[in-house]
Amino acid sequence: TWQLYPLSSAYNIPGALRLRGELNEEAVRVSFQQLIERHESLRTRFFERDGVALQQVVAADEFNLQVIDISDLAPTEREARAQQIREDEARTPFDLEKGPLFWVTLLRLDDEDHQLLLTMHHIIADGWSLNVLIDEFARLYAAACQGQQATLAPLPTQYADYGSWQRQWLAQGEGERQLAYWKDRLGDEHPPLSLATDHPRSAQHLRSAERHTVRLGTALSDAIRQTALAHQSTPFMLLLAAFQTLLHRYSGQRDIRIGVPNANRPRLETQGLIG
């Protein structure tokens, strides 16, 4: 995808932390230095040679924390400026060959109000990875502020090891088995979802999206949990089925396909990895 759309930010994974109170910038820098040294994926580059995709783990250079000070702006202007910087960071494209594929920006709104912006490319991380990153940063930062060394559990493996396992798994015929399974489940026809719109469908492949939040009351939430339990399912499964039913109601189609993200970390060795 990067080769087709090198300026696309569709696979950027942004995250942000609001830090209130006195901040030790050097402790922040040191904490991320340790994270980059600890996780090879944070210092990995990707390139192509003779039609084969390869990855290269580079040495951990001294981490340079980018600091943007907007404390001189009026209070009403700071939040708007911070929001714009967050959006710019999230939309800045990565170069998979040159790297880096992970960067950090510290926004200083005032002496006791900071925002920490984290951005990674999806090729080295996922949503699970972001949680690992934030958890380990918090522990490393707390220790650094006290002049101590955080005791993080040693990593039994790295992401490149997982890639090796996966190649062995596929070489043993699992790739063919998986492909045969999904061809049998999905069939040969792949109809697009036909929803009525108030404008013609664009001929271009657009990546626009929006997020909508719906809050359910206590009574309805309890009813959903009880209904799911009665059918030996989870609330997620029940709500997904309801959403598919809604799409069927609007489209009239009986074959509704919805993609759902999955952490896909069944092995204990991968639980604490960024990758």
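**Chat about a helix pair and some loop residues**

Biologist: How do helix α1 and helix α3 pack, and at what angle?

Modeller: Helix α1 (residues 25-38) packs with helix α3 (residues 127-145) at an angle of about 130°, and their axes are 9 Å apart. Axes here are lines fitted to C-alpha atoms, for helices over the stretch in contact, and angles run from 0 to 180 degrees between N-to-C directions. Helices (H or I, at least four residues) and strands (E, at least two) are DSSP runs, numbered from the N terminus.

Modeller: This is a predicted model, where local features need pLDDT of at least 70, side-chain atom pairs count only at pLDDT 80 or more, and totals for chains, interfaces and linings use all residues. Residues are numbered from 1 along each chain as its sequence is written, and side-chain values use heavy atoms, with hydrogens and water left out.

Biologist: What do you call α1 and α3 relative to each other?

Modeller: They are therefore oblique to each other. Under 35 degrees counts as roughly parallel, over 145 as roughly antiparallel, 65 to 115 as roughly perpendicular, and the rest as oblique.

Biologist: Which residues in α1 meet α3?

Modeller: Ala27, Val28, Ser31, Phe32, Gln34, Leu35 and Arg38 in α1. On the α3 side they meet Leu133, Glu136, Phe137, Leu140, Tyr141, Ala144 and Cys145. Contact means heavy atoms within 4.5 Å.

Biologist: What does Glu136 touch?

Modeller: Leu35, Arg38, His39, Leu152 and Gly272, not counting residues up to four places away in sequence.

Biologist: Switching to loops. Which residues does the cis peptide bond join?

Modeller: Gly99 and Pro100, with omega about -5°. Pro100 is in the loop between α2 (75-91) and β5 (102-110).

Biologist: And what is phi of Asp50?

Modeller: Near 55°, a positive value in a residue other than glycine. Asp50 lies in the loop between β2 (44-49) and β3 (52-57).

Biologist: Is Asp50 buried or exposed?

Modeller: Asp50 counts as exposed, at 77% relative accessibility.

Biologist: Where is Gln232 found?

Modeller: In the loop between α5 (218-230) and α6 (235-251). Phi of Gln232 is near 55°, a positive value in a residue other than glycine, and Gln232 is exposed, with a relative accessible area of 77%.

How values were computed
Buried means under 20% relative accessible area, exposed over 50%, partly exposed in between (1.4 Å probe, protein chains only).
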